[in-house]
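Welcome! Please take a look at the sequence and the structure first.

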Amino acid sequence: MEAIIFCGIQAAGKSTFYRERFFKSHLRISLDMLKTRHREHLIFNACLEAKQSLVVDNTNPTIADRAKYISAAKTHKFKVIGYFFETDLAAALARNAARLGKENIPVVGVKGTYNKLEIPTLEEGFDELYFVKIVDNQFEIQQIMP
């Protein structure tokens with residue numbers, strides 16, 4: 001059982017990465033889809049109780065944002081894996097500008113997340129941690145070793 005926690009600003013490639021890597025094996029938990037923290041909490045806890053592998057596909061920019069998922073997953077004996085999506089602000093804003101409708105996040109929202117972003121570390125409780133970058137429209141993944 002795995003609890004995978006994504007971290008990164010909007011338009012960094014998180015949802016695309018989920019579809020490419022985890023769609024067939026892990027339930028996606030996303031505020032974009034669920035709309036409220038209450039619904040997110042219900043689905044997250046249901047996954048833990050059912051021993052269902054999951055991906056938390058949110059920005060999770062701060063240590064405190066990630067801590068609630070890490071703690072709960074550890075309590076339920078899940079392996080906790082973090083993926084930090086490295087991107088520069090200009091590249092994310094360019095990808096965001098190409099989004100249509102509600103998928104396009106106001107620039108102030110993207111910048112706000114970028115400004116409060118705390119780079120994750122293994123010390124937060126991750127069993128494994130990876131940094132992901134988009135290079136030539138491909139994901140490059142680097143494992144962070146202790």
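Are helix 3 and helix 4 roughly parallel or roughly perpendicular to each other? Helix 3 and helix 4 are roughly parallel to each other, a label for angles under 35 degrees, while over 145 counts as roughly antiparallel, 65 to 115 as roughly perpendicular and the rest as oblique. Please keep in mind that this is a predicted model, in which local features need pLDDT of at least 70, side-chain atom pairs count only at pLDDT 80 or more, and totals for chains, interfaces and linings use all residues. Residues are numbered from 1 along each chain as its sequence is written, and side-chain values use heavy atoms, with hydrogens and water left out.

**The helix pair**

- Helix 3 and helix 4 pack at an angle of about 25°, with their axes 10 Å apart; axes are lines fitted to C-alpha atoms, for helices over the stretch in contact, and angles run from 0 to 180 degrees between N-to-C directions.
- Helices here are DSSP runs (H or I, at least four residues), as are strands (E, at least two), numbered from the N terminus.
- From helix 3, Arg37, Glu40, Phe44 and Leu48 meet Lys68, Tyr69, Ala72 and Ala73 of helix 4, where contact means heavy atoms within 4.5 Å.

**Salt bridges**

- There are five salt bridges, each a side-chain nitrogen of Lys or Arg within 4 Å of a carboxyl oxygen of Asp or Glu.
- One of them joins Arg28 to Asp57, with the closest N and O atoms 2.8 Å apart. Arg28 lies in strand 2 and Asp57 in the loop between strand 3 and helix 4, so this pair ties together parts that are 29 residues apart in sequence.
- Asp57 is buried at a relative accessible area of 3%, whereas Arg28 is partly exposed at 21% (buried is under 20%, exposed over 50%, partly exposed in between, with a 1.4 Å probe and protein chains only).
- Glu40 and Arg37 also form a salt bridge, at 2.9 Å from N to O. These two are three residues apart in helix 3, about one helical turn.
- Glu40 is buried, with a relative accessible area of 3%, and Arg37 is partly exposed at 43%.

**The strand hairpin**

- Strand 5 (residues 128-135) pairs with strand 6 (residues 138-144) in the antiparallel sense over seven bridges; pairing requires that DSSP finds at least two bridges between two strands.
- Lys133 has Glu140 in strand 6 as its bridge partner.
- Two residues lie between the strands of this hairpin, and Asp136 takes a positive phi near 50°.
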